[in-house]
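This report describes selected side-chain contacts, namely aromatic pairs and salt bridges. Please consult the sequence and the structure shown here while reading.

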Amino acid sequence: IFFCYFLRFDEIKEGEMVRHDGKRSDGYLEHIFKHAAKELFGMDVKEITYKALKNKDFQEVTLEKDGETVLRFAAAYGFRNIQNMVLKLKKGKFLYHFVEVLACPGGCLNGKGQAQSEDGKPDKALLNQMEEVYAAIPVRLPETNVHVQKMYQDWLEGVDSKKVQETLHTKYSAVNQTASNLDIKW
């Protein structure tokens, strides 16, 4: 289980900026995939290959063991892909173990107000430059972060505590449909 823990920028000292393992700022899928492969199947995955499905903003990553697909993750970026994902979930035809969902097509670095030229169109050169700067930041696994360890120890009362189960784990159950004009129909 991973928990995002953010520091105020004034608490970060020179040389302390680190990032998670992944291609871009929205690549938690890569870290979680590698961790799950190691913890669940004893497989050390070094490189991840994304397979674009319907479009470049809906990609899949799978792990095979003994000819069987044992992990299936997806990255769904943009509202069109999110809507399609929700429809497939409702129909029971969405067979992923983990999905990274981002509203912006192309991910966070391509979001509105980010890498755009003055005419409001994506600035690919700036986007590439931002990705290069991000990739140059040293990688540190979230579970080795001193601040995260301290949070688990001080606030969550240990890694396997009751508070961890209550705070970080979710149980899902069926919800009865209500007839309301305010419901969003995707």
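## Aromatic pairs

Rings of Phe, Tyr and Trp (its six-membered ring) are taken as a pair if their centres lie within 6.5 Å; planes under 30 degrees apart count as stacked, over 60 as edge-to-face and the rest as tilted. The model is predicted: local features need pLDDT of at least 70, side-chain atom pairs count only at pLDDT 80 or more, and totals for chains, interfaces and linings use all residues. Residues are numbered from 1 along each chain as its sequence is written, and side-chain values use heavy atoms, with hydrogens and water left out.

Five aromatic pairs are counted by this rule. In one of them, the ring centres of phenylalanine 73 and phenylalanine 98 are 5.1 Å apart and the planes stand at 35 degrees, so this pair is tilted. Phenylalanine 73 belongs to strand E3 and phenylalanine 98 to strand E4 (residues 98-102), so the pair ties together parts that are 25 residues apart in sequence. Helices (H or I, at least four residues) and strands (E, at least two) are DSSP runs, numbered from the N terminus. Phe33, Phe73 and Phe98 make up one aromatic cluster.

Accessibility is classed as buried under 20% relative accessible area, exposed over 50% and partly exposed in between (1.4 Å probe, protein chains only). Phenylalanine 73 is buried at 3% relative accessibility, whereas phenylalanine 98 is partly exposed at 23%.

## Salt bridges

Side chains of opposite charge can pair when their charged atoms come close. A salt bridge here is a side-chain nitrogen of Lys or Arg within 4 Å of a carboxyl oxygen of Asp or Glu. The count by this rule is four salt bridges.

One of them joins glutamate 60 and arginine 72, with an N to O distance of 3.3 Å. Glutamate 60 is in strand E2 (residues 58-65) and arginine 72 in strand E3 (residues 68-77), so the pair ties together parts that are 12 residues apart in sequence. Glutamate 60 is buried, at a relative accessible area of 11%; arginine 72 is partly exposed, at 26%.

Lysine 46 and aspartate 44 also form a salt bridge (3.1 Å, N to O), and both residues are exposed. Another salt bridge links lysine 162 with glutamate 166, whose closest N and O atoms are 3.8 Å apart. These two residues lie in helix H5 (residues 162-168), four residues apart, about one turn of the helix. Lysine 162 and glutamate 166 are both exposed.

## Alanine 136

Alanine 136 is located in helix H3 (residues 124-136) and counts as exposed, at 63% relative accessibility. Its C-alpha atom is separated by 9.5 Å from that of arginine 19, a residue 117 residues apart from alanine 136 along the chain.
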